[in-house]
Structures are given as C-alpha cells and as structure tokens.
2 protein chains.
Amino acid sequence: MALRAGVVVTGTEVLAGRVSDQNGPWVSQRLLEMGVDVAHITVCGDRPDDMTAQLQFLADQRVDLIVTTGGLGPTADDLTVATVAALYGLDLRLDAELERRIDSIVQRWRGRLSSAADSEPLRAGIRKQAMVPDGAYSISPTGTAPGVAIAANESGTLPTVLILPGPPRELQAMWHEALESAPIARVLLRRADVRQETIRAYGLSEADLAATLRTAEQDVSGFGELEITTCLRLGELEMVTRFAESAAADYDNLASIVDRRHGSKIFSTDGSTIDDIVALRLSGKRIATAESCTGGMIAARLTDRAGSSAYVIGAVVSYANEAKTGLLDVPADIIDEHGAVSEPVAASMAEGALNRVGVDIAISTSGIAGPGGGTELKPVGTVCFGIAVAGRATVARTLRLPGDRASVRALSTTAAMHMLAEALESEG
Amino acid sequence: MALRAGVVVTGTEVLAGRVSDQNGPWVSQRLLEMGVDVAHITVCGDRPDDMTAQLQFLADQRVDLIVTTGGLGPTADDLTVATVAALYGLDLRLDAELERRIDSIVQRWRGRLSSAADSEPLRAGIRKQAMVPDGAYSISPTGTAPGVAIAANESGTLPTVLILPGPPRELQAMWHEALESAPIARVLLRRADVRQETIRAYGLSEADLAATLRTAEQDVSGFGELEITTCLRLGELEMVTRFAESAAADYDNLASIVDRRHGSKIFSTDGSTIDDIVALRLSGKRIATAESCTGGMIAARLTDRAGSSAYVIGAVVSYANEAKTGLLDVPADIIDEHGAVSEPVAASMAEGALNRVGVDIAISTSGIAGPGGGTELKPVGTVCFGIAVAGRATVARTLRLPGDRASVRALSTTAAMHMLAEALESEG
C-alpha cells in the first residue's frame, strides 16, 4: 500500500485507561476505507515531550500523514497545536476572525449555563483556541475548537499532519472539510486503489478458519497479495481481506473456498452486520422480547437502530420469578418444576411476550450470568432461549456460554440476534 | 514519578479500528494503581517491522517496562514473542513441558468442537506457542498462550518486557502471576509511592471546573505537585489527581476548594460510581423501570451488576404507544392530549411500572432519540423522566440532551441513574 498514516491520540484520561478511545478506531477505519494504510496508533497524555516523541517517531517511520486527535481545548493542558507547531518550527499567530467565531459560539453556549466563572480566563481560552501555526490551514470548528492542517515540510522529514479535536462528534463532523483542506487533499492524491472485503460467520472457530486458510495458501495463486485478518468477537468470526484491485480474482477464489467449507456458518459477505440482517427481516413485522439474564440488552440493541420503532413494540424484563408470572403469565408450577433457567420457562416467557405485547415474534432469555447462582447441572453460563412465532410451534434452546457475567450477557445477546435472524429467515 | 512504562497493543483488528481495545486501558489502570507511570500506549498490526519500531521507540524513550498484549496465538500472524526475541537477540527454544501442557489444554477444547481441521497445523501451532526466548520466564497459560517475561538487557538499552496474550480474560487471569515473575517483580521494586484521588460531579461544566482550578493554582502552595486531569463523559465530570504522598496536604487543600465551589454537584470522592451509589441505596428496596427511548438500557445497566437480582424485579420497555397503555396502564387519552413524550405520560409510565411490577421505586423515560420524530416544540433530544415512589407524589422532569441517537440514549440512561440516586437519597 502506497500511503501510510499514523494516528496520535492525546488525552491523559485515555492513556490512563479511564476512557475508551473512540477516535483512533474511527479515524483508522475512515483512512483504510480510502485506501490509506494505518501503520501505527499511539496514545499520549498531556505532556509535550511525550507527544513530540510520538510525532517524531511517526516521522521517522516515514508515514505520509499524521492525524492527531484531542488536546484542542481552551485549558492549559490542551497543547496539541503548540506542540506540533514547535516540532515543525512554526510560529503561532492569532487569527482574529477565528477568535470572533469561537467567541460567538462560546457566548451562545454560555447563555445556556448558569455559571459563576470569571470571564478573563474564558477570553484567554478563546484566544488560545484561535492561535494558528504560520502557513497552516484552519478547519472550521464544529464545537469550539478549530482543526488544523499542516503540509509536510520542504525537506520531507516531517509529514503532513491533520490536527482534530477530541470530542468524537466534533471530530467526525469536521472530517469532510478536513479532507478537502489543501494539505490533506494533496497527500491523499497519492493513495492507492485498495479494496476491502469482509466475511462474517457465527459459530465458526478461529482454528478451523485458520486451517482453511492454510489450504487456500496452496490453492490460490495470488494468496500472498491478500492481506487477511481474522477476529473473533462474541462468537462472530470476522475475516477482513484487503487487496489491490489487481488481486480481485485471487480474492474471489479465496472467498469461494471459504464459502465451500464454512458456508452454513457464514451470515454476511457484503458488510452487513447481524443487526442489519435482523432489522431487514423484521420489516413489516412486530417484535417483543422477554428477558431475564440479559436484563433488557436485546431490547436495547434492537432499539439502538434509527427506525426501530417500526417493528419493536415492547419488551418485558422479568428478572424476578414473580415478574415472569405477573408480567408474562409463566405458570408458577412450570418454574417450580423446571427452575427459572429451563427451556419450558424460556418457551413460556416468549409466548407470554407474544400474547401480552401482541406481536408476530418474541424472543426470551433465562440464564445464569453469574458470578453466583450456578449449580452442577446448570453452571454459570447456562442460558435458555425461547422463540415464539405467531402460528408456529415455540422453539427453545440451551447454550453454555463461557466467561464472566458481562461475557455471558453479551454472548447471550448476540446469540439471540442470530436466533432471531434464523427464525425470521425460515419464516420467509 | 520514578518508574515509567509503555504498552504495546498488537492486532490488526485493533489498529484497523474494527475492535475496541480493552487491554491497553486495563493494563494502564493496573500500572497506575501500582504507582507506575504509563507514558505511551502504541498500537501496531501483525507486522514485525512496525512492532520492532514501536518497541525500539519505547526503549529510546527510556521506559523501565514494556507490556505487550496480543499476538501469542498459534497462527503465523501471531508474532510477538519472535519479534521481541529478535530485538533482544535471544534465540527461541522449545519448552517441551509447556508444549505438553498446551497440548492437553487444546485437546480438552477440541473435544467440545466438531471440527474437520487436520491436526498437523494444530500441532505446529502448539509447538509455536511453546517456544520461549532463552533466559526468559514463562507465565502459565490461562487460555492456550503462555505469557513471557524478559529482563532488561545488561547494557540497559532495552527495558524489561512483559508479553501477555490478547484475549482480555486470559490477560487479566495471568496478571498476578506475571507480576510475581522475577523480571517484573525486580523492576516493580523501584516504583514510587503515588496516590490517586478522584472527584466525580454531575452537571458541572469543564469550563467552571477549569476556572476553579485557576483560582486554586494561586491558593494552593504545592499546586504544581498535583497532576490533575479532568474528563467529561455523559454529563459526568471526573477530576483525577495523582501526587506523591508528600503532597497530600496540598491535595486536601485543593479538594476542599473544589468542594466549596461545586459541592452540590459532586456525587463521589471515594472512587464510587453512580452505579455503586444507586446499588447501595437500593439495598432492601425493589425497583422496576419503564422505558421508551432508552429501550431497556436502564434495566440492562442496573442488572449489569452481580447481585442486582436482590432489588431489580423487572422492567417494561413500552416502545409503542399501545405498549404504554397495554403493559403500563397509561391512559390513552393522556397520550392523545400531551403526546407520548410528555411529563404526564412519563409520570404515568413510572406509576404503571410501580403498580404492575409491584416495587418500591420505578423510573421511566419517554423521549425523542432521533434522528427522526423531532418537532419545533419537542426537538430531538427531548426526554421526559418520571420517578414514582410508593407513598410519595410522582415526579416528572424534562431534559434536552445533545447529540445523535446513541448520545441521547446514553445521556438519558446516565441521567436516570442520577435521578434514581437523588430520589433514593431524599427518601433516606
């Protein structure tokens, strides 16, 4: 791949592990989609020396583009612009027009706050945010902080750099204008034509896919041209392949080998997620969930999606047994006889949701997420699922899912999505 | 801070932004808790040159300890041990005892899989995972991959390195044994005594806290000894301060200034989260939720916690209006008159959950998460909350929350937790 980039994520709270960084992954995905190879992501705190060291490291690695995120705020510990400018030997100058724009944004915000803060520090902060390195391009603020784009230096020892704000929404809103700024547009002209394809399977082990890939290595002539990564997450195995357009036939070859061996477990080859598939198949139908161990996670996941009100009618979280009987009409004697974590109870919960909420399909979970509550017969990780479809026999299944409480709950939620997709497909 | 560490996260799927890294933050938090300063986190793909460059960068930065995560699997693209060994000039040798242990683990796992994979690649993978650099310490596998600890080289140009597996559960399970391995224990002896204190506030702006800190800079003599970071997340502002024990009085001084100015918004100074506080205050009580725009997220969050079955009885997600009337007895004419997103409906939902589920306290949400559905009077982000407590008047409130659908839902969930904490406190 011709064009290489590095991403510098700044923020002590990210470095300290208190906040999970969203910007590095987001920027990385956007760059890869455009055919820019991301070689390094580095995370540094609010210390100029460490940031300078990371910028210099990326320059030494001969990346063509550095994207930094964060450190553009009004306070003293936000020092990305000053640090980059110092490394590039550029003076900072006040952009008076920018200062006025930021000031009007801040004034608008302040109007909504009841604040006793004095205004001189505020003005100092605004002035700080309006400082632009000499010769750099300023990108319109989407919050209060403008972005900055700086071209590679003339000797070529320092690459083009794009400085973006830390709040993910501000960064994302700024992305398109940033790409069009002169220094960034110029470096992007040099990018190669790279394709990326994704195969997603559920219930396929990494070892089995690895074995298939070893075979394919012999059978696909241009295998070496394909950059393959596999990743297992919540039972879903994702295989992403990046390749130049010239290797497209080799990829097709590989994809058909994978499909021949594992087709029954593959659920997506066009980038769609299981959430996309479930949403598509729910079109024109009505759904409800009845959840115990997942505690509302399936409903939350279904309603995560814009437009889900077209098919999600409601959900009942019946965490206590009395809620299973009271809200979902699960007969108390079934609970007594089989236990709350059992296929008969899961089936009855799904039917209860189907009838009570009045929908076409309902899914239920009842399981032992742990850490307590496990027995020899029903250890932690035992989860029963029920699927009730109007006019069809209710189906129940039991899985034993590994890991701790969070893992069991997350795996259960994903398993439920796959069961829904399957049930909706067979229903046609 | 005396001891500095760097973390190298490996994995193309992390670098490509397809997976959010959990290991960097986890390792960073553990190191900081022990008084080890984390200077850099770097992320690299499965390319030995890039990994070597990052390791060399950290060595050049004179860190005392490098922790790597990932790249210990059986496949060819897992190359952390070989890459580190090459940089340190150490040969790899097969640890036959380790090979037997991994083999028995894998055989046990294979028994549970129905796999057609051939076994020679499998054996090669096991052999690969049992290769240990000369003079290195092997750490017992918690999955199939052992960890490795390597002491700093004699000339001191390369620091001590701890190599850990990528699956978070395996890594975390290995941590304690890893700390006790000779090379790691030796380097940790040199760490300084560092304290970390956290103040959490809700509804306090970063600008207002920054203004307070500017004042404190004048009033607290040892202000410079305090390393302060602030971070705003879902309306919660967190201020974390790290300092040497000798600066404890300065911190106390600062903390009391912050408390004097913002005490009413501070909800935690002992590290507890709002989830901890709600759980504590729910002790001996029974709770239910009635959710529309949050779609089960509050229930999912409450039941995230081990032991929550002691107080969470159930929840109703009434996404459609018919579910609000059918499952929560919200009178249809209230919906007609005020709209589904209104305080009367939110109040009625909470009361419906209180009565139907039979609990002591119930919280409800009804809002416009977007992207569609907003009006001039009720724009996207308008969310109504209701809190019903047995024997008390039901309270309803409306917030206008910023951002996209995911943001509105997440902010609503956190707002609900704070309202719960408040209602439970005032109840005594």
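**Figure 1. Helix α3 of chain A crosses helix α3 of chain B.** A crossing is right-handed if the near helix is turned clockwise from the far one by less than a right angle. The crossing of α3(A) and α3(B) is right-handed. Each of these helices spans residues 48–60 of its chain. Their axes come within 11 Å and cross at roughly 145 degrees. Chain A makes the contact with A:A53, A:Q54 and A:F57. Chain B makes it with B:A53, B:Q54 and B:F57. This view, like those that follow, is taken from a predicted model.

**Figure 2. Helices α11 and α16 of chain B cross.** Two packed helices are described by the angle between their axes and the distance between the axes. Helix α11 covers residues 274–281 of chain B, and helix α16 covers residues 405–427. Here the axes come within 9 Å and cross at roughly 35 degrees. This crossing of α11(B) and α16(B) is left-handed. On the α11(B) side, the contact is made by B:I274, B:D275, B:I277, B:V278 and B:R281. On the α16(B) side, the residues are B:M417, B:H418, B:L420, B:A421, B:E422, B:L424 and B:E425.

**Figure 3. A:W26 and A:W175 form an aromatic pair.** Over all chains, the count of aromatic pairs is five. In this one, the ring centres are 5.4 Å apart. The ring planes stand at 85 degrees, so the pair is edge-to-face. The partners come from distant parts of the chain, 149 residues apart. A:W26 lies in helix α2 (residues 23–33) of chain A, and A:W175 in helix α7 (residues 168–180) of chain A. Both A:W26 and A:W175 are buried.

**Figure 4. B:F243 and B:Y251 stack.** The centres of the two rings are 4.9 Å apart. Their planes are at 15 degrees, so the pair is stacked. B:F243 has 2% relative accessibility and counts as buried. B:Y251 has 5% and is buried too.

**Figure 5. Arginine sits over tryptophan in chain A and in chain B.** In chain A, the charged end of A:R30 sits over the ring of A:W26, 4.9 Å from its centre. In chain B, B:R30 lies over the face of B:W26, with 4.9 Å to the ring centre.

**Figure 6. Four strands of chain B form an open sheet.** The strand order is β10-β11-β9-β12, and the pairing is antiparallel. β10 (227–233) and β12 (266–268) stand at the edges. Each edge strand has a single partner, so one side of each is left without a neighbour in the sheet. Neighbouring strands are turned by 30 degrees against each other on average, direction ignored. Two bridges join β9 (residues 194–202) to β12(B). B:A201 stands opposite B:I266 in β12(B).

**Figure 7. Helix α4 of chain B is largely enclosed by the rest of the structure.** The helix spans residues 80–88. Seven of its nine residues are buried. They are B:T80, B:V81, B:T83, B:V84, B:A85, B:L87 and B:Y88. Just after α4(B) comes B:G89, with a positive phi of about 65 degrees.

**Figure 8. A:T198 lies in strand β9 of chain A.** The strand covers residues 194–202. Is A:T198 buried or exposed? Buried means under 20% relative accessible area. At 13% relative accessibility, A:T198 counts as buried. Which residues is A:T198 in contact with, leaving aside its neighbours within four places in sequence? They are A:E238, A:M239, A:V240, A:Y251, A:S268, A:T269, A:D270 and A:G271.

How values were computed: Residues numbered from 1 in each chain as written. Chains lettered and ligands numbered in written order. Predicted model: local features only at pLDDT ≥ 70, side-chain atom pairs only at ≥ 80, totals over all residues. Heavy atoms only, no water. Phe/Tyr/Trp six-rings, centres within 6.5 Å; stacked < 30°, edge-to-face > 60°. Buried < 20%, exposed > 50% of the residue type's maximum accessible area, 1.4 Å probe, protein only. Lys NZ or Arg CZ within 6 Å of the ring centre and 35° of its normal. Pairing = 2+ DSSP bridges. Axes fitted to C-alpha atoms, helices over the stretch in contact; angles between N-to-C directions. Contact = heavy atoms within 4.5 Å.
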